[in-house]
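Good morning, and thank you for coming.

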Amino acid sequence: MGVELHKDLLGNIGVDVERHAKMMGAGLEAYKAGFMSQPNRPKAMAYFDWFMSEIQGERIAEINALRAAKKPAVGTFCIFVPEEIVTGAGGACYGLCGGSNATVADAETELPRNICPLIKSAHGFKLQRTCAYTQSSDFIYGETTCEAKKKTWEILNKHHPVHVMNIPHMKREKDLKMWQEEIKEFKEHIEEVTEKKLSLEEMLNGVKIINAKRAALQRLDALRGMNPKVMPISGKDALFITQMGFLDDPVRYTKKVNELCDELELRVQEGVSVFPANTPRIMVLGTPLAPPNWKLHTAVEGTGGAIINEESCIGHRYYKDNVDVEGVQNEDELYARLMERYSKIDCACFTPNTGRTEKIIQMYKDRKADGVIYYTLSFCHTYNVESYLVTEALAKEGIPCLVIESDYSPEDAGQIKTRVEAFLESISFKQKAQAFANK
Ligand code: BJ8
């Protein structure tokens, strides 16, 4: 196994090797039981299964080889960090571990109990030294999106270098101007690591690589969700692939996602679906689903539903927009285009954020979905409060919606399953009544 092979490297970068190995062992077992046992998976999933086995082994070795060649390694917690710039510098930009309950208790020695589990989990990984990505980072790039994150950076900075990007909470002209400057400053931090100037051409190359990655994910999104008759891949597998997009080398990853999409296209042509006909098709909305947070997908797909899309940062919000670099002549124009693209992200940290609701309704119609689950991590005030406006708009459209608030503990898994079951039953009942009325 990858972790075993790279034990020395992991020790050298400060990982608590023993604890890390135990955690990885449990993670791999959970993955095998929950993912590899699914029937009729696409053959191209073999690559992603391999990546899972090397997630804290071979991939960590690759990142550290880049660092040895003076390329930057940047850990992030948010999709506002312009990964195009790090990629253009030949480095690695990745999401840090933050989806596990196993680190939360450690985090609570420094952080309050009543903040979101994503932040606590990530902070706990640093305290435990069990995330090899965090340990590999030249610096962590935090942001000012929510109160809990913003204040956590001050504490996390005691354990690891953290830079903070000031993300505005409104999108007025003056806010966008400041945002553009933040992107420029981010590039300067990257140059501090590489000790060399990053050229326009290099940054444009970074944009090209990340645009291709996003295009591959858009293709996957369409294949899994737009055809109500054939669903060629499970929601669980599709979520896992998206999660891995935050860790893998972007060029290799894009190639593998496109290979998978080729296979899925064939499956669609041949009518090979992994779900029986009339399986309720569910869209998930809300906060990010960082690995190994597979609780909701397991509940839905284990009780007769299919998840066809995540309107989440580990999902559609991440890949929906590319950067348009047509006609860009100089660095300032590029920063403006990056800002334009990033400011389309409809995170609930913005006010107002009405575009998000309109987008959700359109996505629902385009995909001919049967219902939505609004999923919020506990204590995420922005998404929690915004759920009122979103669910009100959904109700006006007659869209069935279930709201779930949860953390990373396994305790509420049974209760979530029961609620999901009842929700899916009500959708199936409606479908049958509709079919009867149409006779
Ligand atoms: S763009 S959703 S990744 S901020 S950490 S806001 S869950 S309380 S992650 Fe996010 Fe960027 Fe927005 Fe997306 Fe809530 Fe938790 Fe804060 Fe969170």
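This is a predicted model: local features need pLDDT of at least 70, side-chain atom pairs count only at pLDDT 80 or more; totals for chains, interfaces and linings use all residues.

What radius of gyration would a compact globule of 439 residues have, and what does the chain have? A compact globule with 439 residues would come near 22 Å, and the chain has 21 Å, which agrees. That radius is taken over C-alpha atoms, and the globule rule is 2.2 Å times the number of residues to the power 0.38.

Residues are numbered from 1 along each chain as its sequence is written, and side-chain values use heavy atoms, with hydrogens and water left out.

Let me begin with the chain as a whole. Along the principal axes, its C-alpha atoms fill a box of roughly 70 × 50 × 45 Å. The secondary structure consists of 20 helices and eight strands; these are DSSP runs numbered from the N terminus, helices being H or I of at least four residues and strands E of at least two. Of the 439 residues, 56% are buried. Here, buried means under 20% relative accessible area, exposed means over 50%, and partly exposed lies in between, with a 1.4 Å probe and protein chains only.

Among contacts in the chain with a separation of 6 or more, 76% come from residues 24 or more positions apart; a contact means heavy atoms within 4.5 Å.

I turn now to the aromatic residues. How many aromatic pairs does a search of the whole structure find? The search finds 19. Rings of Phe, Tyr and Trp (its six-membered ring) pair if their centres lie within 6.5 Å; planes under 30 degrees apart count as stacked, over 60 as edge-to-face and the rest as tilted. For Y47 and W50, the ring centres are 5.6 Å apart and the planes stand at 35°, so this pair is tilted. Both residues belong to helix α4 (residues 45–53), and because they are three residues apart there, about one helical turn separates them. Y47 is buried at 12% relative accessibility, whereas W50, at 35%, is partly exposed. A tilted pair is also formed by F139 and Y141, with 5.8 Å from centre to centre and 55° between the planes. F139 has a relative accessible area of 4% and is buried; Y141 is buried too, at 0%.

Next, helix α5. Beyond its neighbours within four places in sequence, I63 is in contact with A73, A92, Y94, Y133 and S136. A68 is also found in helix α5, which covers residues 58–68, but A68 is exposed at 68% relative accessibility. From A68 to L9 there are 59 residues in sequence and 12 Å in space, C-alpha to C-alpha.

E310 is buried, with a relative accessible area of 0%. Setting aside neighbours within four places in sequence, its contacts include R224, H297 and H316.
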